[in-house]
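Please look over the structure below.

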Amino acid sequence: MMNIRQNRREFLRRLIASSLLVASRGSFAADMPMSHGMVRPQASPDFDPDIDLELESMPEMLQMLPGEPTRVWRYRGRVLKGGEEALGYLDGSGHLPVIRARRGQRLRIRYTNRLMEPSIVHWHGLHIEQRMDGHPMYAIGNGESFVYEFVLNNRAGTYWFHPHPHERTAFQVYMGLTGLLLLSDEEEMAAGLPSGEQDLALVLQDRSFDPDNQLRHLGRMRHDWMMGFAGDTVLVNGAVDYSKRLGRRAYRLRLFNGSNASLYRLRLSGGRPFTVIATDGGLLERPLQRDSLTLAVAERVEVWLDLSGLEPGEEVQLLAETYTPSLDNISPQQNGAALTQWGRPLARFIVDQSPAVPGSLPARLSMHGVVDRNEAVNAASPRQVVMSMMMGSGRLNGRVYGAMDEVAADEVVKLGTSEIWEFANGAAMGGGPGGRGRGGMGMMGMQMAHPMHVHNVQFRILDRIQEGGEHPVSAMLREGFVDEGLKDVVLVLPGERVRVMMSFTDHAGIYLYHCHILEHEDSGMMRNFLIQA
Ligand code: C2O
Ligand code: CU
Ligand code: CU
């Protein structure tokens, strides 16, 4: 039996240990849920939403291919307040929802999980408080609800939402749980961009179907998860053969890579260049031209496409080369139906008989403000995030994802500051012999291109530094980067160091940063960081 003194000493020891724990995790413990099953089922009476929606995640049978219907998981919603245009579905398979709202509006979403496993919705790209961010600690079980209430204070742009439960994100997104959140604002309206019927969103997602038309993801093999899922069919808005009749006028195309792991190098037929107008976080300052566009998982890019010079019946195709994260080109081998060296068109736009209405695009689209890297508190020594593949999983600074609320001492940033983060893809730890910059197997494992994502912020890309030899595919992918705008995902090529700058305003709390290859994220290439007040 312990005597009182020993007891007291033990009590003190525990007290010190637990306060150290709190200190190392920041002083945020009080606002943390007790368990990640914490549910927030009630709408708050003092929140008066402009848009009030119901949203469910549920299984459904969908006619995607000729023959047997395909079992998918989908989001389905209902507008309780805010007008019909607040919620729609993309043309295609009709199972991908689009929420439309304006900056400054108050949004309430009453989410109910009808799946037989935990899930939670993350609002990718939005700057919102921790409890609204859909962190896996908030995952809810079958039949449970979580009510989101927040003010939309992001710039106009193409944002999206997806499940973010612990270790199940890849599978749930793959099964069909993806939606878009399109925000508009006054600056965007002043730019006079094509709208309504002339504003089209295209979600690119690769899938594989079994002979019974059912979706096939990966088994349990670690190696497969490290490579990431690669499908043999690229769907656009859930459709295998996406085509659309368009008028002879200008269109706004929002291109989004909603795949699990694959990268796309996109082109337009006929050598037509892309006129790029926006990235992840909204409009660029000025339109840019690109002959090709590289779109990694979770990235969005918007282009302006003027079809007024085409004859009725003419066609513009969206063409793609598909790459896996190890930069292998998979489309020519796997796509037997290849029509061009760029493979089967992902989408076909056929011009109709309507009278030509030439479009015009303003020379200036928006104001970003300049990035001054000296405003970063760590300008002299940027925070390093070293990405590596070791012992069967991707790691960030040698760590995998731990407890739901685990934050290491070097993962704490200060509210109200700006920082530079350097994503180093295998460089600082060395790829090992043969592993550096060649995408081969080295001592530390294979080198791959990783799309890095940070929750809660939009960042600016400062620079990219290639260490050692460059993978032959990297140079081609580079041509299609749009690093000029606001971003929440950046593709970091093998052997590359990419520096980004971001500001931590408004919201203290725990947020995630991770590789957005969903199989990497699920196998632990993800960490929390704490924004400390
Ligand atoms: Cu698309 Cu952790 O997010
Ligand atoms: Cu996110
Ligand atoms: Cu990765």
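Leaving aside neighbours within four places in sequence, Arg460 is in contact (heavy atoms within 4.5 Å) with His368, Gly369, Val371, Glu484, Gly485, Leu486, Arg499, Val500 and Met501. This is a predicted model, in which local features need pLDDT of at least 70, side-chain atom pairs count only at pLDDT 80 or more, and totals for chains, interfaces and linings use all residues. Residues are numbered from 1 along each chain as its sequence is written, and side-chain values use heavy atoms, without hydrogens and water.

**Arg460**
- Arg460 sits in strand E28, residues 459-466; strands are DSSP runs of at least two residues, and helices (H or I) of at least four, numbered from the N terminus.
- Arg460 is buried without a salt bridge, and Glu285, the nearest side chain of opposite charge, is 6.1 Å away.
- Buried means under 20% relative accessible area with a 1.4 Å probe, protein chains only.
- A salt bridge needs a side-chain nitrogen of Lys or Arg within 4 Å of a carboxyl oxygen of Asp or Glu.
- A polar atom of the Arg460 side chain lies 3.5 Å from the backbone oxygen of Glu484.

**Leu177**
- Leu177 is in the loop between helix H2 (169-174) and strand E9 (179-184).
- Leu177 is buried, its relative accessible area being 0%.
- Met58 is 119 residues from Leu177 in sequence, with 8.9 Å between their C-alpha atoms.

Methods
Chains lettered and ligands numbered in written order. Buried < 20%, exposed > 50% of the residue type's maximum accessible area, 1.4 Å probe, protein only. Lys, Arg positive; Asp, Glu negative; His and termini not counted. Polar contact = N/O pair within 3.5 Å; in protein donor to acceptor, adjacent residues only side chain to side chain.
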